[in-house]
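Open the model in your viewer and keep the selection panel at hand. The tour goes from one selection to the next.

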Amino acid sequence: MNFCVTTPIYYINGDPHIGHAYASIAADIIARFKRLDGYTVHFSTGTDEHGVKVARSAENVGMDTHHFSNIMSQKFRDLSRAINLSEDDFIRTTEERHKKSAQTFWKLLEKDIYKSIYSGWYSARDEEYVPENEIVDGKAPSGAPVEWMEEESYFFKLSAYQDKLLEHYEKYPDFIGPNARRNEVISFVKSGLKDLSISRSKFNWGIPIPDSDGHVMYVWIDALANYITSLGFPENKEYVSQMMENCVHVVGKEILRFHAVYWPAFLMSAGITLPKRVFAHGWWTCDKEKMSKSVGNVVDPFYIIQNYGLDQLRYFLFREVRFGEDGDFSEEALKNRILYDLANDLGNLVQRVLAFIQKFGGHLTVNYDFSDQERILFANAKNLVSRMRSQIEKQDLHGALNTVWNLVSESNKFTNDMRPWELVKTDVSRLNAVLTVLCESIRSIAFGIAPFMPDTARKIFNFMNVEGKSFDEIENNFIDQKFVELSPLFPKEK
RNA sequence: CGCGGGGUGGAGCAGUCUGGUGGCUCGUCAGGCUCAUAACCUGAAGGUCGGAGGUUCAAAUCCUCCCCCCGCAACCA
């Protein structure tokens, strides 16, 4: 079975920050879960490199635009490595394959494209059009003066797709998530769609429009088309549609409209299948303040990983806040999660159980002759993944992590109740049953956290001599399993 | 009257449709237990459920009005 998941492609006008890491890790978690669940996955990410802002940034630092793009794009590639991203493709919009794809895509849209005049308030200093509602006292937010400007532009007949889009939202209630965002999009479309200006002639750092001198594509089509470029478009249109049908786009809430309105309209026009779902994540504040360069509180993912660890960060981002809502980042909160959830709950559970087995030779003698209490925990361990599956299906990553931690807590409580340190002296057969259940539970937990914390899961798998390659393994039982030397998962001393 | 979401112990939320001991997670305090990087158990403190009025034997929940916060409101990746 096929599955496709994407991150937005990141605009290279600034350095990567925690928000980029957040979206990427979210998509990565989904991709890893699906792979463990037996799907053939295509997971793509990349960089969006065209547009006047990039050209101007390059100019500002006295760099050739291509060279500048290479350097900036590499920073995002470095981030992908730093956060242990399992992407199948890292796409750059400046690549030749994308130029070909975007231009072919444009041609498919041509029946809905016409030439007209684009007009708006233009700030010469910023070299960009300023939206009406952002103009204060006749000036751009930057304080630059604006003037009414008109230029020739190609337009896409978005207005023709209003009803079709509404029908689609109606027919596929899961097309947009979370629900609150879905309402916003629907009300936006209902309020009436205007045609979309999709070309620019004032700059040339972009993909040229086929057979048209001087016009380059404006971001909408160039950037959005990355998703099908990555799937091999324009080759193999059949495969592209098939993957799109099972595709989840993870996006930031600020770009939801492009993905939930423009993109599906383009795809309808081009005759390509629409994605299954577009999910908008929220934003992080830092210590309750909006992150901004001027305030200097932008969270640097490289710094956090260096100081607190990668899996720790990956865990925190999805346990602290419900995916889809805004959240607050603080080192204090991160430290607490690491101490209480990771070291005390999970780390200690693994330690107390496996160390106990180590103490008596590192060999588990299985006993599946369970008491009622043992049977309950065993069942919960066995169906952990199926409970998570329905949550991951809805991108409820936070809920899925809670599901895992419920099992962690249950296992800790079970250990307290069963008192294996006493059973070892009184009832070895009972002890073996208790340890068997605990080991099954820990193994399930390792699978449960694997998409979120791949390195930590790997450590646990190694302790227990488990392959850890597929959820199918959970069906296999332990037989006289030999365990290897262990060490604390999340040591408290640094 | 542009559309939508929300205001519940220190924090974050559930409960509101289908009125009737106000609950969950975390945090705070006291005690118990202890194999382990400890967890768990028991008990305690802490809320006029945004405000006012109304319906009712009974309102967080139904009705009316008001206040406040947050999204969206098209060229912002």
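This is a predicted model: local features need pLDDT of at least 70, side-chain atom pairs count only at pLDDT 80 or more; totals for chains, interfaces and linings use all residues.

**Stop 1: the RNA strand**

Select RNA strand B and the protein atoms around it. Residues are numbered from 1 along each chain as its sequence is written, chains are lettered from A and ligands numbered from 1 in the order in which they are written, and side-chain values use heavy atoms, with hydrogens and water left out.

Now show the residues near the strand. A residue counts as near if one of its heavy atoms lies within 4 Å of the strand. There are 44 residues around RNA strand B, and the closest are Tyr-11, Gly-192, Arg-257, Arg-352 and Leu-489. Colour them by type: 20 are nonpolar, twelve polar and twelve charged. Here Ala, Val, Leu, Ile, Met, Phe, Trp, Tyr, Cys and Pro count as nonpolar, Asp, Glu, Lys and Arg as charged, and the others, Gly among them, as polar.

**Stop 2: atoms that meet the bases**

Zoom in on Arg-352. An N or O atom of the Arg-352 side chain is 2.2 Å from a base nitrogen of RNA strand B. Next, pick Val-219. A polar backbone atom of Val-219 is 3.3 Å from a base nitrogen of RNA strand B.

Which elements give two or more residues to the surface near RNA strand B? They are strand 1 (2–11), helix 6 (179–190), helix 7 (219–224), helix 10 (256–270), helix 13 (331–359) and helix 16 (397–418). Helix 13 gives the most, with seven residues. Helices (H or I, at least four residues) and strands (E, at least two) are DSSP runs, numbered from the N terminus.

**Stop 3: between the domains**

Colour chain A by domain. Domain 1 covers 2–282 and domain 2 covers 331–482; the bounds come from an automatic or database domain assignment. Their C-alpha centres lie 42 Å apart. The contact (heavy atoms within 4.5 Å) takes 13 residues from domain 1 and 18 residues from domain 2.

The two domains bury about 1,400 Å² between them, 66% of it on carbon and sulfur atoms. Buried area is the accessible area (1.4 Å probe) that two parts lose on being put together, summed over both. Select Ile-29, Phe-33 and Leu-36: in domain 1 they lose the most area to domain 2, together 49% of what that side buries.

How many salt bridges are there between domain 1 and domain 2? The count is three. A salt bridge is a side-chain nitrogen of Lys or Arg within 4 Å of a carboxyl oxygen of Asp or Glu. Show Asp-37 and Arg-389, which form a salt bridge with their closest N and O atoms 2.8 Å apart.

**Stop 4: backbone details**

Select Gly-177 and Pro-178. The peptide bond between them is cis, with omega near -10°. Pro-178 lies in the loop between strand 7 (176–177) and helix 6.

Move on to Phe-233 and Pro-234. A cis peptide bond joins them, and omega is about 5°. Pro-234 is in the loop between helix 8 (226–230) and helix 9 (237–245).

Finish at Asp-211. Asp-211 is not a glycine, yet has a positive phi of about 55°.

Methods
A polar contact is a pair of N or O atoms within 3.5 Å; within protein, one must be able to donate a hydrogen and the other to accept it, and residues adjacent in sequence count only if both atoms are side-chain atoms.
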